[in-house]
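Dear colleague,

Please find below the structure that I am handing over to you, followed by an account of what was found in it. I would be grateful if you kept it open while reading.

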Amino acid sequence: MDPFAGLVPEAPKTRYRAPRAGIDPDTSKTWFKRILPIIKSHKVAFVMALFMSFVGLMIQVQIPIILKWAFENAKTTPITDYAWAIGALGLAAGISGFISRRFLYVMAYNFEYDLRNLLYEHFTKMSFAFFDRVQTGQLISRANSDIRSVQMYATFAPLILVNCSIAVVAFCYMITISWWLSIIAMSTMPLIYVVGLKMRQDLFPVSWIIQSRLADVATIVDENINGVRVVKSFAAEERQVNELADAAERVKWAYVKDADLRARWGPLIQNLPQVGLVLVLLSAGLMIIYGHMNASVILTFNLYLFMMQAPFMMLGQLVMMGQRAAASADRIFEILDEVPTIVNDSDATNLPEEPGAIVFSDVTFAYGEPPAHRPGEHHVNPDELETAILRHLNLTIAPGESVAIVGRTGSGKSTIARLLTRFYDVTNGAITIGGLDVRDATLESLRARIGMVLDEPFLFSASISDNIAYGRPDASHDEIVAAATAAGADTFIRRLPGGYDSVVGERGYTLSGGQRQRIAIARTLLVNPPILVLDDATSAIDVHVESQIHAALETLLERRTTVIIAHRLSTISLASRVVLLDDGRIVADDTHQNLLATVPLYAEVLAQAASLDAADDVIDGEDA
């Protein structure tokens, strides 16, 4: 019989709790001081854990004294009295240890929760330029293994240091027994300190290399999983496996080097105190032989000396953990210290619900170039930008107007949409909506007023209903169905085994390209934005289905400003006006009929697009 039959694990659904504190922004401080504000935000649990741990250690320190009394008073006091006393102390130490660890683990996982959410919150604030240059695997590694390394050290290091305090207490008791034996026992301490420093210096760079190379492996795995269709289509599995093997070999080398350093320095730190123990036993043995000290005193002294051994063994582990945590913290701070380039100005205002005309004024843009903060602030000469995607672009779109933007591949069509929504800021010039510069509008209101349907739609691993309602989670089922119907998606959705509750695979790859695009269109239509941007939104849809979507869109577009980035004649026909781009500049602006009759380049672009469509005319069953 299955003991788990009928058991359905379910995570509690809770509202997001923001971290109580962030890291210290002062980059000149050590990494531990920078994360200290997060630890302090959980100070009650942290202090309780340390206090109860210290109490337990103080209880344990009393046991050798009781044993000494038992030996000295064995003839006058029943040994069972001392046994009961030691048992009671052991029970009290166990209870304090339980309480200490309970508070410590609660604090540890709260700390990890806060640090991980701080990092993810920062991801959401970063600009697209950041994600253009940072590998996904590097980000995943920092959000997982690096955070875990920092968490383990930040929470357990203070506990280990408290445990090490037992060495101080034990040493104080040892001095009361024999001060000169205590000095002999501690004679190896300077050497341990020197070895610890050397170990620290050697381990830090290796720890950094390990975390960096683990991130490289995560990047390769991520790219191979997301690009599995490309890998298989080129039969490149063996090459990718070899690439991963090379990365894994580099990680192995770093781990072996780390193990070599640990094997070299760890035993020294852990066993050097044993030299002090040998010297103590030799000296105390001679004292007993010559009658200058009794055996019970030596037993008590050695018990305290043994208590000092464990902290030194933990001290070696603490140094190793510390170097791994320091390397991980530096990698995390690399992300958290990066400042987003696209942010709300301090005096930003909300874009009106009826935004007004869209105006591109002398807009020049090059990826990777610093943006101008305000109109007229030219960081660079636009004519000297060899990498400029857009050059001196001037365009006005009236409220409620539908404009199609047409051009060759790489002419800057999609870039216009990205600048309009402030995915990037213009290098020079300005974009205004209703007279308000998009840089003066809050990002939330700007993107709420603009609905985008991209040529490569992204779907989440959730139900179709949830994907359509992503922009409006509170939408009713009838509203979801209405949006799907307008996007031409209702028919194929109802044919699926689960209908609107069908869960799509990762990135929606269990659906065809045309089906994904229709769901993406429905998702945008449900939000009902006053400005709509269709970036080749029907490029993967069969022309017959496309005509059905256009019939629904024609009514919807009457009430909104629409920017249509397209190459199909059927899609261009939705627009009342066509803008022709070439080499980042507007070379023609008129109706479709006039451009076709008077601008040879326009006819050439359409002919080229038609030939590409014919070459790519592979229609799946659902889109047929």
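In this predicted model, the count of aromatic pairs comes to 12. One of them is formed by Phe-458 and Phe-460: the ring centres are 5.1 Å apart and the planes stand at 80°, so the pair is edge-to-face. The reasoning is that planes over 60 degrees apart count as edge-to-face. Phe-458 is partly exposed, with a relative accessible area of 36%, and Phe-460 is also partly exposed, at 33%. Both values fall in the range between 20% and 50% that the term covers.

Phe-128, Phe-365, Tyr-367, Phe-423 and Tyr-424 together make up one aromatic cluster.

Helix 1 covers residues 31-40 and helix 3 covers residues 79-125; they pack at an angle of about 120°, and their axes are 10 Å apart. That angle makes helix 1 oblique to helix 3, because 65 to 115 degrees counts as roughly perpendicular and over 145 as roughly antiparallel. The crossing of helix 1 past helix 3 is right-handed. Which residues meet where these two helices pack? From helix 1 they are Ile-35, Ile-38 and Ile-39, and from helix 3 they are Met-107, Phe-111, Asp-114, Leu-115 and Leu-118.

Next, please turn to helix 11, residues 413-420. Of its 8 residues, 6 are buried, so this helix is largely enclosed by the rest of the structure. The buried residues are Lys-413, Thr-415, Ile-416, Ala-417, Leu-419 and Leu-420. After helix 11 comes Arg-422, which has a positive phi, near 60°.

Is Ser-141 buried or exposed? Its relative accessible area is 5%, and buried means under 20%, so Ser-141 is buried. Leaving aside residues up to four places away in sequence, Ser-141 touches Asp-146, Gln-211, Leu-214, Ala-215 and Arg-331. Asp-216 is 75 residues from Ser-141 in sequence, while the distance in space is 8.7 Å, C-alpha to C-alpha.

Yours sincerely

How values were computed:
Residues numbered from 1 in each chain as written. Predicted model: local features only at pLDDT ≥ 70, side-chain atom pairs only at ≥ 80, totals over all residues. Heavy atoms only, no water. Phe/Tyr/Trp six-rings, centres within 6.5 Å; stacked < 30°, edge-to-face > 60°. Buried < 20%, exposed > 50% of the residue type's maximum accessible area, 1.4 Å probe, protein only. Axes fitted to C-alpha atoms, helices over the stretch in contact; angles between N-to-C directions. Helix = DSSP H or I, 4+ residues; strand = E, 2+ residues; numbered from the N terminus. Parallel < 35°, antiparallel > 145°, perpendicular 65-115°, else oblique. Left-handed = near helix turned anticlockwise from the far one by under 90°. Contact = heavy atoms within 4.5 Å.
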